Amino acid sequence: MVEDRHVIEALGKVRVVIENGEITEIGPSLGVEYCPMFHAMHGVEELNEEFIRKNINFRIKDFGMCTPERIIEMDDAITVGISEILKTNMELGNIDCVVGACDGAGTVIMTNPRVVQGVGARVSGLVSTTPIPEVIEKLQQKDSTVLNPETAELNQLEGLKLALNKGYKNIAITILPSPMIEEIRNYSKDYDANVYIFVAHTTKTSPDDVKMIFDNSDIVTACSSKSISDYTDKYKPHYYETKVPIFCASEKGRELLDNRLKKISKPLSDANYPRNKNDIPHELI
């Protein structure tokens, strides 16, 4: 039997393994026990194993996460998140393609805004995945390009190279904290193209890595990262105050974020500090 194994990090960066549509492993908590977003949406007071299992099973059943039934097109999931920012800017013509990651396919180049939303919405950090032919076929039918259909490789730098070779000029990349962020930024400098880097899933990122991320990225999510909280309190970048803030690491990132905020008639990003920390994830790590 061909291996079907998908590893994600979710709900406080807890490691979850899904095999053949079933949860086979839930790792220990890293210490993040409360998330204001899940409290607001579901009334959840504690991110314990029982809730994590329930939530991941819901994702598997609701939109087929990590299964052949995976739904790849969706409407907006929340008011402002990375996938919503990307979808809006693709609709406005500011972004030609998104290099993202999809369970069952790996790194994918997407040109359809609804696919960008469907692939990115409600999915946490994808650590590794194996090919699901049905998911790959669905993506290809919607004009997406899978970097490596044989292995479902996750490699955003190689995804960027492929997008550049295809001639795209305004490329957004979603990526988890990694030294590859700096590699992508340095690589893109040699090309006549705009590359926008969106960094998510930043919980437990070190202070040195946070500096590298802000030096090389455009949009950064706060998640439950103490290092990002400390860094932004010091350097005061623009942000949008949600339950879990979205920070602008560049002026272009601010423009892309504000485009989404304008569309949904929300106040634009600002740099009002000190930030309101009455309802934030805890503990920050």
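Which residue follows H5, and is its phi positive or negative?

Modeller: This is a predicted model, in which local features need pLDDT of at least 70 and side-chain atom pairs count only at pLDDT 80 or more, while totals for chains, interfaces and linings use all residues. Residues are numbered from 1 along each chain as its sequence is written, and side-chain values use heavy atoms, with hydrogens and water left out.

The residue after H5 is Asp143, and its phi is positive, near 65°. Helices (H or I, at least four residues) and strands (E, at least two) are DSSP runs, numbered from the N terminus. Within H5, which spans residues 133–141, Val135, Ile136 and Leu139 are the buried residues. These three lie on the same side of H5, because they cover an arc of only 100° around the axis, the arc being that of the directions from the helix axis to the C-beta atoms. Buried means under 20% relative accessible area, exposed over 50%, and partly exposed in between (1.4 Å probe, protein chains only). On the face of H5 turned away from the buried side are the exposed residues Pro133 and Gln141. The buried residues of H5 pack against strand E4 (97–102), strand E5 (106–110), helix H4 (113–120) and strand E7 (145–146), where contact means heavy atoms within 4.5 Å.

Elsewhere, Asp218 sits in the loop between helix H8 (207–216) and strand E10 (219–221), and counts as buried because its relative accessibility is 5%.
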